[in-house]
Amino acid sequence: MATEHAPTASEYIVHHLTFLTNKKQAGLVDWSVFHLDTLFISIGIGLLAVFVLARLAARATSGVPGRFQAAVEIVVEMVADQAKGIVHSPESRKFVAPLALTVFVWIFLMNAMDLLPLDLLPNIWAAIYGAAGHDPHHAYLRVVPTADLNATLGMSTAVLLLCLYYSVKIKGLGHWIHELFTAPFGAHPLLWPINFAMQLIEFLAKTVSHGMRLFGNMYAGELIFMLIALMGAAWAGTVGSGLLWIGGVIAGTIWAIFHILIITLQAFIFMMLTLVYVGQAHESH
Amino acid sequence: MNLNATLFAQLVVFFILAWFTMKFVWPPIMKALDERAKKIADGLSAADKAKTDLQLAEKKVVDELKKARESATELRAGAEKQGAQLVEEARQEAAQIIAQARKAAEGEAAVAAQRAKEALREQVAALAVAGAERILRKEINAQVHADLLANLKQELK
């Protein structure tokens, strides 16, 4: 960013929190807008992950596995075990277990983008953007797709659709609708609206909390990385700023190490909740 | 925090990736895992079987050895018995032969003694006649006294 004046702290953060969009967002909800950075990075990572896995799977040997195959097998077996314990229909597991694997690997990798140096990709992008003759000040790039609410809610909505699909498929449409009105409180006609409202709230709460949990964790993590980066950027040749710089290095190290745990844990939680919700869709009240 | 069409794009991508994983990632890896599990199970049972086989073979070897030793003992005992029998038979035969030989020799000796006795008797008769002739100074007709001589011979028996 070849600027005449260094950006202020709030400018720096706002710049990092602005998405690369096809057009300006009008209002809180605008269905004509796409976050190009989120889509590009998440699709790129997703394709990379599944193609690497598919390549490995095509050459997987039942003899002595290589290290990479053994590592992937550990993850696959973990997911398969969890799926087996939570979703009791082998027929459903044929799709749900690979889906859980995709969720875990994909989200883990998207979260892991947080561990890249904060300005690495945005600066590269700004250079490209500037070289293309645009104003590099407006070269926005959000590197962590899971810190975009659209991405996480998109995935949790996909899980919701999956739950609805399996509810109808396993219980039958009639039985499922019957259950919507009679569970959890009982079959009395006076209770029908209450039951139905409860069910709607349950679905909504599940989906929103599912997406929000991942988004919130990653967004907060990203924000803290930005604040730590600001500590480092405070270097101005004085003793006080030098201490701040050292504090930035220490805090960055600690937070990055802690974040390794968070990105894995959040990917695991999202996967487990996906399995749990799909598993619940299989159970009758 | 803006909601927009990214959400639906992400939703669709999610299903496409999951479908791809279901189609091309999950089955081969699970197949490899199951095959390996089977291989290990087979290997373990083969090892177990080999162990039991080995034990059986060892037991068989011990049995065979025991049997061989027994039959060797039996053979030796039989051979010893037969040898003893042969020696016994030979001894008996030898004893028989010795007894026969002794009997034959005894018989021969008896005949020879008889013959010697006869000869002596003849000679004694002749000596008696010669003695008597000398005593009587007269010739004795042997023919006349044949009876006398025969009697004498008889007495000498």
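**Confidence.** I began by reminding myself that this is a predicted model. I looked up the confidence and found a mean pLDDT of 89 for chain A, with 98% of its residues at 70 or more. Helix H4 (residues 90-112) of chain A has the highest confidence, at a mean of 94, and strand E1 (residues 29-30) of chain A the lowest, at 82.

**Layout of chain A.** Next I went through the elements, and chain A has nine helices and one strand. Reading from the N terminus, I noted the order α-β-α-α-α-α-α-α-α-α. I then checked the extent: the C-alpha atoms of chain A fill a box of roughly 75 × 60 × 40 Å along the principal axes. I saw that 34% of the 285 residues of chain A count as buried. Among contacts in chain A with a separation of 6 or more, 65% link residues 24 or more positions apart.

**Meeting chain B.** I turned to the contact, which takes 43 residues from chain A and 29 residues from chain B. On the chain A side, the elements giving two or more residues are E1, helix H2 (36-58), helix H3 (67-86), H4 and helix H6 (149-171). H2(A) supplies the largest share, ten residues. I sorted the residues on this side of chain A and got 26 nonpolar, twelve polar and five charged.

**The strand pair.** Last, I followed E1(A) across to chain B. Two bridges join E1(A) to strand E1 (residues 3-4) of chain B, and the two strands run parallel. Here I found Asp30(A) opposite Asn4(B) in E1(B).

How values were computed
Residues numbered from 1 in each chain as written. Chains lettered and ligands numbered in written order. Predicted model: local features only at pLDDT ≥ 70, side-chain atom pairs only at ≥ 80, totals over all residues. pLDDT = per-residue confidence, 0-100. Helix = DSSP H or I, 4+ residues; strand = E, 2+ residues; numbered from the N terminus. Buried ≥ 20, exposed ≤ 12 C-beta atoms within 10 Å, placed from the backbone. Contact = placed C-beta atoms within 7 Å. Nonpolar A, V, L, I, M, F, W, Y, C, P; charged D, E, K, R; others polar. Pairing = 2+ DSSP bridges.
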